[in-house]
Amino acid sequence: MAALAQCRTPVRRWTLLIIPTVLLGITLPLARLDVAAATCSVAAVLGWAQLASP
Amino acid sequence: MGAMTPLVKVAGYRDLWLRKAFAYTIGGAVTSASIGATFGLVGQFVIPDAESRVSWIGLAILSLIAVGRDTGLMRLPINGLRRQTDGGWRHAFGPTVGSFLWGLDLGLVFSTRLAYSGPWLVAAAACVSHSPLTGSAIFLAYWTGRASSVWVEPLMSTSVREAPAVLSWINERLSYVRLVNVAGIGMLVIIAGLATGGV
């Protein structure tokens, strides 16, 4: 059980890093439909990147 | 993130964590939406309709400069104010109001030190949008991205003891964060190209 929890932890941790990757993935198709929506998607990615704030 | 997340892993404190996370998110949303609307309004008055294409080209150029700055190729002092949120608010006003004030402060975007130049581009994009409503939506999206770490972090640890390890784990992956940041800025260049009909 402990081993299973240890195995799950890295997978869970990657959740945080997956969010911006998904957003970046949808931005380009979105930009062809609606520039404002695509700009919002990029803004969310740039907001997420402030995770690195001191 | 580290200040409120451990609470969700302590029995009986889930409600307090939820209140704090909501207060933080709402506080930031209020100020971010206001700042975005202000930038949109400024753009509406300062940038003539006929110069819309030129303003998108300007945004693309700014984005390229930001890539140079955030990859370390250029040295530009664009970190915003050299201060952080006041940790004492939590003790002075209680956990919920303190979190709300913390959100209000961070939602102002430029009132605290910034890691990357992204917020300046978000401000420029809000100006270029020519609309307080769109400017507000752009900044709300920015805030959603920024606040997402608070909501997602509890998924990343199984116990309160793990919280510091999670923060260390994130700090060890800052190169990935930098890469995503630069990719996001690059995407803004493409969006500007599409908006001007150049891509």
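Which residue takes a positive phi just after α4(B)? In this predicted model, where local features need pLDDT of at least 70, side-chain atom pairs count only at pLDDT 80 or more, and totals for chains, interfaces and linings use all residues, it is V109(B), with a phi of about 70 degrees. Residues are numbered from 1 along each chain as its sequence is written, while chains are lettered from A and ligands numbered from 1 in the order in which they are written.

The setting is helical: chain B has 8 helices and 0 strands, taken as DSSP runs numbered from the N terminus (helices H or I, at least four residues; strands E, at least two). Of the 199 residues in chain B, 43% are buried, that is, with 20 or more other C-beta atoms within 10 Å of their own, C-beta atoms being placed from the backbone. Among contacts (C-beta atoms, placed from the backbone, within 7 Å) between residues of chain B at least 6 apart in sequence, 81% join residues at least 24 apart.

Helix α4 of chain B covers residues 95-107 and spans 18 Å from first C-alpha to last, close to the 18 Å expected for its 13 residues (1.5 Å times one less than the number of residues). Its buried residues include G98(B), F100(B), W102(B) and L104(B), and their cover includes α1 (14-46), α3 (89-93) and α6 (132-156) of chain B.

Turning to the partner chain, the contact takes 33 residues from chain A and 43 residues from chain B. On the side of chain A, α1 (2-33) and α2 (35-49) are the elements giving two or more residues.

How values were computed. Buried ≥ 20, exposed ≤ 12 C-beta atoms within 10 Å, placed from the backbone. Contact = placed C-beta atoms within 7 Å.
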